[in-house]
Amino acid sequence: MKVMKFGGSSVKDAEKIQHVSDIARRAASSEPVVLVFSAMKGITDMLIDAATSAEKGDPAYRRLVEEIKTRQKEAIAALFGNDTAKTIEKEIGTLLDELSDILHGVELVRECSVRTMDMIMSFGERINCRLIASYLSASGTPAQYVDARSMIVTDSSHGNAKVDFEASYPLIRQTLSKVEGIAVVTGFIARTEKGVTTTLGRNGSDYTASLVGAAIDADRVEIWTDVDGVLSADPRLVPTAFVLPEISLEDAMELSYFGAEVIHPYTMLPAVDKNISIYIKNTLNPDVPGTRIAAGAKGGSAPITGIASIENVALINIEGGGMLGHPGVASRVFSALAHAKVNIIMISQASSEHSICMVCREKEAALAVAALKTELAEELRYRMIQSIELVNELEIIAVVGENMRGTPGISGRLFSALGRANINVLAIAQGSSERNISFVIHQESRSAALNAVHKAFLEEVQ
Ligand SMILES: Nc1ncnc2c1ncn2[C@@H]1O[C@H](COP(=O)(O)OP(=O)(O)O)[C@@H](O)[C@H]1O
Ligand SMILES: N[C@@H](CC(=O)OP(=O)(O)O)C(=O)O
């Protein structure tokens, strides 16, 4: 039994849907499969844009809904014969009408809460999975649409909800045991205990697939995308990046946390629980073995496994001699940021205790600085803290790999490579697991830094 997840890039249009349906059908002829699909590529972004426009009272949202309708109509016309097309169009039309009504509501009240945003985003996966289940059935492979909200239960942190494993696993088993034909499960979406729609975070359909895989004790979970596997770096930025045949669950988690969007970081959590291997496969190149992500898998003989990066981040630097020997400042800083719901991606504190510096997403930076200025008002007034400085337009780069543990000289080699490429490093952090060194640079040096580090660790003869 295996779970196969197809991302937005694999179901962009009718032609791609036909192609992945063939892949799924072939797999289903030799073992039972459960399918998980994301929305068509770009649809989630369009839904977010529509909600944002409606909230501002900008009628542009109607044009976006029309564009979504047109894409669906085109796909339906290409996938179904005339009679079936009418039935599917009606079914999907009802969903699109509901979406229009919700957006109209948002326009009227000029407000789109995170809860409403989750409901709006859910239409991408719901529409796409209805379309694909109908297409599979109409083309001779009986399939049934499964709304993940009937089986994945989360808390109410909308936009990035936390899964209740204990509640979800039995529900997943129960729901799937009643499905006739192949289950076509909506990725990304879930619900609270009270039935309110939630989402698992952008790119979260990978996580849906591994949750389903762990619940049903699948032999493997396959994430089908548009590249040959997990590469040693983002291939769009590092042309010499190569496919990693296998990597550990921990390295995959680190790489994805630091921006390798080929897999969602939480995907590895259920797999750790149940010791399931995850395979990254390419729909454009289905016979290539891809990458196997599994407990204990080795990343290769190089000192690092791979490199990842996050753009549009900001660095906040709190400086002041008054922090020296005063316990509790760090804890207040992080509590204030947590309270303001700012997510800190990286932290580094100078050992002199003169400064604490943190990195967050640029879009959250102003909020973070305001929260810190309020929390540290006293210290600023009495000059125990001299400044709270913000630098925007930065990039975090992380070098990741099990092999770094206990290997001396990695930092020296890393910073020499950056020095040779004339790249200025603003902050550095290393986890005590020694599995990752992350550093911050100016965004304009991104490509030069990634390529220099890739060359130093992964291309030159070791
Ligand atoms: N280290 C990496 N290995 C492979 N792909 C990467 C890596 N870093 C970034 N990517 C990008 O991730 C993309 C796949 O993720 P995504 O677009 O979310 O796919 P999907 O739509 O299938 O979910 C690839 O096309 C690639 O450009
Ligand atoms: N559709 C959602 C969830 C998802 O996983 O998408 P994809 O598999 O295309 O990254 C998003 O765009 O975030």
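Let's start with N422, which sits in the loop between α13 (410-420) and β16 (425-430). Helices here are DSSP runs of H or I with at least four residues, strands are E runs of at least two, and both are numbered from the N terminus. Phi of N422 is near 65°, a positive value in a residue that is not glycine. Is N422 buried or exposed? It counts as exposed, because it has 9 C-beta neighbours inside 10 Å. The cut-offs: buried means 20 or more other C-beta atoms within 10 Å of a residue's own, exposed means 12 or fewer, and partly exposed is in between, with C-beta atoms placed from the backbone.

A word on the source. This is a predicted model, where local features need pLDDT of at least 70, side-chain atom pairs count only at pLDDT 80 or more, and totals for chains, interfaces and linings use all residues. Residues are numbered from 1 along each chain as its sequence is written, while chains are lettered from A and ligands numbered from 1 in the order in which they are written.

Now N203. Its phi is positive too, about 70°, and N203 is not a glycine. N203 lies in the loop between β7 (197-199) and α7 (205-215). N203 is buried, because 21 other C-beta atoms lie within 10 Å.

Next, the domains. The assignment, automatic or from a database, gives domain 1 (2-225) and domain 2 (307-459). Their C-alpha centres lie 37 Å apart.

What about the core? The largest nonpolar core has 140 residues, and L35, V184, V230 and I316 touch the most other members. Helix α5 (residues 114-138) gives the most, with 12 residues. Domain 1 and domain 2 both give residues to this core, so it lies between them. By nonpolar core I mean buried Ala, Val, Leu, Ile, Met, Phe, Trp, Tyr and Cys residues joined through C-beta atoms within 7 Å.

Take V230. Leaving aside neighbours within four places in sequence, its contacts (C-beta atoms, placed from the backbone, within 7 Å) include L244, I247, L255, V262 and T291.

V262 turns up again at ligand 1. Which residues are closest there? G7, S9, T225, D234 and V262, out of 19 that surround ligand 1; the shell takes residues whose C-beta atom, placed from the backbone, lies within 6 Å. The shell divides into 7 nonpolar, 8 polar and 4 charged residues.

Last, I356, in strand β14 (residues 355-361). I356 is buried, because 22 other C-beta atoms lie within 10 Å. V333 is 23 residues away along the chain, and the two C-alpha atoms are separated by 9.3 Å.

Note on methods:
Contact = placed C-beta atoms within 7 Å. Nonpolar A, V, L, I, M, F, W, Y, C, P; charged D, E, K, R; others polar.
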